Amino acid sequence: MPSITASRVLIVLFDGLRPDMATPERMPALAAFLNGARRFTESSSVFPSLTRVCATTIGTGQPPAVTGIVNNAFPDPAAREGRFLDTSSAGDMRRGTALHGPGFVATPRFADALAAAGRRFALVHSGSAGGAYLLDPRAKANGSFVLSLSGRDATETPEAWDKVVARLGPPPAAPPDRIPLVEYASRAMAEVVLPELQPDVALLWLTEPDWSFHYRGMDAPETREAMLAADRAFALVLEAASRLPVEERMAVIAMSDHGHVGTTGRFDLVTELALLDVEASLDRPGADVSVAAGTMCWLWPRAPDAARLSRLAAALQERPWCGALLAAGGDGVEGPFPGTFDLALVNADHARAAPLLLQMRGGPEDDPYGLPGRSPIVGKDFPPGGGMHGGLHRREMANLMALSAPGLPSGDDASPVGLVDVAPTLLSLLDVAPVAPLPGRPLWAPAREARVLTTGRGEYRQYLAVAGEGRGSIVRDGGRL
Ligand SMILES: [Zn+2]
């Protein structure tokens with residue numbers, strides 16, 4: 001394929017959008033765009049498929065093993081009393097940097113590379129403040145334009161807030177749903193950022209349909225409304241981009257950070273662990289074992305005890321509800337306990353990661369809305385049929401990834417690609433060198449080799465589907481066999 005270049009890149013990210021739900025009926029403007037774009041049908045999120053983990057990987061081109069942003073929330077000395085460190089909070093992220101030093105978020109971002117090349121990054125973000133922060137923590141020094149709708153002080157560049165508010169008025173405060181934020185964000189991008197700043201890379205982060213998938217239900221009428229609102233936002237921004245000077249060769253990436261799996265019921269892991277003599281607390285430190293809850297549960301024991309963890313892993317494998325089981329400190333493929341996979345295999349081996357990860361056992365069967373795929377969930381306050389992500393279910397790991405660029409043929413492309421490829425793709429499009437070598441590759445590079453690994457102990461068997469090697473490998477899915 002000839003080299004693919006562009007003078008500018010526009011990225012529109014639909015948080016949590018499942019690629020199989022980007023249909024003409026639900027999202028007509030997006031579906032029309034996809035018709036003329038290259039569609040990566042085997043694209044995958046990063047593990048764990050959680051929003052701020054994903055944002056950090058998109059921003060850096062590196063997996064959590066390198067970035068250290070291993071979960072949406074995790075135990076950390078910089079956390080507030082009795083809490084996990086919360087990556088959605090810009091304050092907590094600044095606290096982390098203050099305690100741990102700049103190394104806390106030191107992994108180079110594509111925004112750093114753009115700044116070094118004299119190019120400019122602009123971000124309009126309608127999700128959490130921390131989500132915007134992690135995409136470009138050095139926004140001020142980089143000369144980036146980062147607008148978070150979370151508030152004037154939620155970013156390193158409050159002048160971005162001032163500029164947009166002077167034109168559009170303040171964003172809606174505490175709306176009952178996220179549709180007004182999606183609409184405001186798209187207007188900020190279409191009416192202010194694109195025409196006036198003409199950034200080299202513009203990223204619009206739409207917090208829908210993720211919020212509605214969680215809190216309204218995977219295919220509820222209100223969720224359909226939110227998907228249409230996100231679709232209108234996309235159309236508005238595409239139209240504004242088309243009004244840039246005619247000599248522009250614009251590349252457009254339409255993508256999501258992860259998918260969602262419909263949940264079928266709350267699973268009482270605390271009681272089940274108590275039967276195994278483990279006192280667990282959900283989403284906060286304090287007990288014997290602290291659990292980051294969800295479809296994939298991260299287990300941090302208060303005191304390290306390998307023999308006890310090994311016994312716990314073996315006991316979990318006896319339970320019918322135990323899905324994938326991962327552990328830290330193995331040989332790179334097998335975990336340290338029989339029948340587990342090593343966290344290094346999914347590029348989540350970092351000092352902040354939990355030593356044992358347990359996925360609830362889901363399956364391909366329909367969710368309560370009749371959509372394919374379902375899983376039990378631990379903790380959280382979502383209604384029945386709400387969506388969740390973070391685990392290895394293919395519906396959680398599959399993300400939307402489509403690129404329209406001059407010279408790139410449209411159509412389906414089944415090469416395994418993922419979030420680690422976003423930074424190398426846009427830097428390559430603009431012919432900008434990364435600050436440090438990146439493990440991913442441009443989306444049009446030769447395909448990685450896919451393989452399926454299995455392990456087990458006794459009756460318990462699990463699989464993990466991956467493609468490629470090392471830090472740039474793609475995790476497709478995994479689970480119990
Ligand atoms: Zn997300």
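**Contacts, packing and burial in a predicted model**

Among contacts in this predicted model between residues at least 6 apart in sequence, 66% join residues at least 24 apart.

Reader: Is Val 289 buried or exposed?
Author: Val 289 lies in strand 12, which covers residues 289–292. A residue counts as buried if 20 or more other C-beta atoms lie within 10 Å of its own. Val 289 has 22 such atoms within 10 Å, and therefore Val 289 is buried.

Reader: What is the distance in space between Val 289 and Leu 299?
Author: Leaving aside neighbours within four places in sequence, Val 289 is in contact with several residues, including Leu 273, Trp 300 and Leu 299. Val 289 and Leu 299 are 10 residues apart in sequence. From C-alpha to C-alpha, their distance in space is 6.2 Å.

Reader: How is helix 8 oriented relative to helix 9?
Author: The axes of helix 8 (residues 158–168) and helix 9 (residues 179–197) come within 11 Å and cross at roughly 95°. Angles of 65 to 115 degrees count as roughly perpendicular. Helix 8 is therefore, relative to helix 9, roughly perpendicular.

Reader: How many residues of the contact of helix 8 with helix 9 are charged?
Author: Helix 8 contributes Lys 163, Val 164, Arg 167 and Leu 168, while helix 9 contributes Tyr 184, Arg 187, Ala 188, Glu 191 and Val 192. Five of these residues are nonpolar and none is polar. The number of charged residues is four.

Key:
Residues are numbered from 1 along each chain as its sequence is written. This is a predicted model: local features need pLDDT of at least 70, side-chain atom pairs count only at pLDDT 80 or more; totals for chains, interfaces and linings use all residues. Axes are lines fitted to C-alpha atoms, for helices over the stretch in contact, and angles run from 0 to 180 degrees between N-to-C directions. Helices (H or I, at least four residues) and strands (E, at least two) are DSSP runs, numbered from the N terminus. Angles under 35 degrees count as roughly parallel, over 145 as roughly antiparallel, 65 to 115 as roughly perpendicular and the rest as oblique. Two residues are in contact if their C-beta atoms, placed from the backbone, lie within 7 Å. Ala, Val, Leu, Ile, Met, Phe, Trp, Tyr, Cys and Pro count as nonpolar, Asp, Glu, Lys and Arg as charged, and the others, Gly among them, as polar. A residue is buried if 20 or more other C-beta atoms lie within 10 Å of its own, exposed if 12 or fewer, and partly exposed in between; C-beta atoms are placed from the backbone.
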